[in-house]
Structure formats: C-alpha cells, structure tokens
Amino acid sequence: MGKTVYILGAGSSISSTKNLYPSIFGIFKKAWELEITSINKHVLSEYKELDNYLRKTFGLSISDRYKKLDYEKVFTFVDIEYDKGYLKFGLLKQNLLTILESVFMKLKNKLDPDQESEYGRFIKAINPQDTIITYNWDVLLDDTLGREFFLNKTFYPKNNSSKSVNPNGPNSYSFFITALKNDNYRYKDLSQNGNFGFYLKLHGSVDWHKCENSECKSFNKVFPTLFPLKERLCDECLEPTNTELIPPTLNKSISSEPLIRKQWNIAIEELKLAEKLVFWGYGLPPTDFNTEWLIRQTRNSDNLKNIYIINPDRRHRKRIKLLFKQQTNPQLIKEYKNFEEFYPEFTTWHREDEVR
Ligand SMILES: [Zn+2]
C-alpha cells in the first residue's frame, strides 16, 4: 500500500461543519455574534484597546459584521509590533488568541454529536501509514481522532471520565500526543520506511500551550490541554503558559519554535514519500511562501503518481495546479468541488487495497 499525504486548510473544517466554522474572514464576525467581544451590542471593555487598534490600522471596527476583517493579517501585524518591543501589543495578541480559542470552543458545542461529520468519514477511510498535514488551528479533526481520550491517557491519567475514542483513527494521533510529552523521538526510527503515518499541525493548535520562561527546564516545550480557555500552568515552573499558534505569513515563527520546525521537517520527508497527494480545503494563499516551498519539495519525487484537489473555489484549485505545471501529466490531477464529490473516488482506493 502506498502512502497518501493529505493537506488540509480551513475549507475542510468549514465543510465538515456545514459552514458553522468560519474562514479567516469570519472570525471577528462570529466572535461578535457569539458575544465573545460584545455585550448587548457594545464592545466588551477588555476589547476596547483592540477595537481602537483595528479602527486606526485597518479602518474597521471589531463590530463590523459585514466587512471582511482578515484575522491572519491582524494577528501577523500585532505579532510584528510585539516583536519590535511594544509591550502593549502583548495584550492585544492575548486578546486575539482568546477570540480564536473562544470562537472554536463555542462553535464546537453547537455541533450535533450524533451526526457523523465529513471528518468522521474521512478518518474511517484513511490508512495508518497516511500522513495528515493540517494548517487548521481548531481541534475538530483532533477530536475525531480521539483527542480527549489520548490526552487523558497521556497527560491526565487520573482523569478517567472519557471513553470516546475512534477505533478507526490512524495510529499516528496517539503517537503524536505521546511525542509531545517526550519529544525525544527520532523520525528515522518511527517512519519505518514510510509505513508510519504522522499527524502534523504546521501552524500550531488552539489546545497547545507552551512555557515561555527561558529559565525553566520546560522552556519552549508544548503542553496540549483539554480546556484551552482555562489557564494552564507549566508543570515545571508553574508560570502561566501561552498558546502555540503561528501567524502563517511570518517565516521567523516557524524557525524559532522547535516543535513547529520539527513538524515542517517531517512534512518534507513525508511529502517525498507520497504516492497520492490530496489537498482538501486548502487554497494556497499567494502570501503562503512557506507552503509553496514545502510543496515544491515534491517536484523531484519519483513516488508521486496522483494529485487530488477538493475545493469549491476554481481559483484556489488553479493555484495548486500551477504548482505542478510541467512536472506532472495534467491528467493525473483530479478536481472536486467538495468532499461529497470526492468520496466515491476515495472509497475505491480501499477496495483496490483489499484486492491486493
Ligand atoms: Zn516552565
């Protein structure tokens, strides 16, 4: 059986929740509607400073429900200011992280637990040696892979309340959680010549908290947490931890975060091994040079046979196709508007595998 590498963008979470989850342009709007930044249609006092900044810098208010405020862009701008040493931006950055975590966590509670999502069907159909590369900060897919179960098992063994675990999930997720705890694993030992699949969150995750105390033994170490909205203290130094999220447009964030950097390196190796590449809901934004660079690493791969692009937006599909221009026989690229359209093709892969 060959390896398939799946590359997931925001479009997959949006599609899997039937448009309940927002794109980067809908995060401020959802935060307003869910009364995370608002109270009785007024700006909540802790977000007044952020609102002022948005008005001054982008000419948009935190309450502009119908205008498109790009969360990633705002986050990147604030991060640049913070890095320049303007301390008040640390507070704004914290505001932005709280908005993101709250939006994802509140929306998660609105999902019907009895309804099988696209993510549920996706996980049932993939193989243990397949690798998932996701840019999503939310934990929807992690939940489908048994996040709660594995977190309890690995980090909170005394907390036995959760029973839910997806028996069909790939091995890689339980490993991924264990690896976060030990982080002394070596790719070469695990990969088993490609027979092991990885779960890689290249832009971090709302449930990853990190110790930023440089004097601490756990400095820069990531702790996954069951409840991202609750304060999480570092096990070692007991200082509050911060969320590990990477503004996608900044190269320096990738190289300065050890866990993120390692995941990017694993992603390169896994992409070289892939026979099939599936892009689901990822549009390759023109500013995402890191990913373009990453995907171009497959250019000289002899393994790559087929490319599948699932995306309702024709322009997004085109941007990905252009990356493989002149390298791949155009007939080997297949396009689908959504997961439903792709699903019949997807399920034939496993029938082929059973026949073999
Ligand atoms: Zn610490």
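## Strands E9 and E10

Strand E9 (residues 276-280) and strand E10 (residues 306-310) run parallel and are joined by five bridges. One of the pairings links Lys276 to Asn306 in E10. These details come from a predicted model.

E9 also has a partner in E1. The two strands pair in the parallel sense, over five bridges. Here Ile7 has Phe279 of E9 as its bridge partner.

## The six-stranded sheet

E9 and E10 belong to an open sheet of six strands. The order is E5-E4-E1-E9-E10-E11, and the pairing is parallel. Strand E5 (199-201) and strand E11 (333-336) are at the edges. Each has a single partner strand, so one side of each has no neighbour in the sheet. Ignoring direction, neighbouring strands are turned by 15° against each other on average.

E1 and E4 form another parallel pair in this sheet, with four bridges. Helix H12 (residues 258-273) lies across strand E1 (4-8), strand E4 (131-134) and E5. H12 runs at about 130° to E5.

## Strand E1, inside the fold

How many of the five residues of E1 are buried? Five of the five are, so the strand is largely enclosed by the rest of the structure. In a regular strand, side chains alternate between the two faces of the sheet. In E1, Thr4, Tyr6 and Leu8 point one way. Val5 and Ile7 point the other way, and all of these residues are buried.

Leaving aside neighbours within four places in sequence, Tyr6 is in contact with Asp130, Ile132, Ile133, Val278 and Trp280.

## The largest nonpolar core

The largest nonpolar core has 65 residues. Tyr6, Ile7, Leu100, Ile133, Leu277 and Phe279 touch the most other members. Helix H5 (residues 88-108) supplies the largest share of this core, with seven residues.

Which residues of helix H14 (residues 314-323) are buried? They are Arg317, Arg319 and Ile320. Seen down the helix axis, the buried residues of H14 fall within an arc of 155°, so they line one face. They pack against E9, E10 and E11. On the other side of H14, Arg314, Arg315 and Leu322 are exposed.

## The three-stranded sheet

A further open sheet has three strands, in the order E7-E6-E8. Its pairing is antiparallel. The edge strands are strand E7 (222-224) and strand E8 (242-245), and each pairs on one side only. The twist from one strand to the next averages 50°.

Strand E6 (residues 204-210) pairs with E7 in the antiparallel sense, over three bridges. Lys210 has Val222 of E7 as its bridge partner.

## The chain as a whole

The protein chain contains 15 helices and 11 strands. It has 356 residues, and buried residues make up 38% of them. Take the contacts between residues at least 6 apart in sequence: 70% of these join residues at least 24 apart.

Conventions
Residues are numbered from 1 along each chain as its sequence is written. This is a predicted model: local features need pLDDT of at least 70, side-chain atom pairs count only at pLDDT 80 or more; totals for chains, interfaces and linings use all residues. A nonpolar core is a set of buried Ala, Val, Leu, Ile, Met, Phe, Trp, Tyr and Cys residues joined through C-beta atoms within 7 Å. A residue is buried if 20 or more other C-beta atoms lie within 10 Å of its own, exposed if 12 or fewer, and partly exposed in between; C-beta atoms are placed from the backbone. Two residues are in contact if their C-beta atoms, placed from the backbone, lie within 7 Å. Two strands pair if DSSP finds at least two bridges between them. Axes are lines fitted to C-alpha atoms, for helices over the stretch in contact, and angles run from 0 to 180 degrees between N-to-C directions. The arc is that of the directions from the helix axis to the C-beta atoms.
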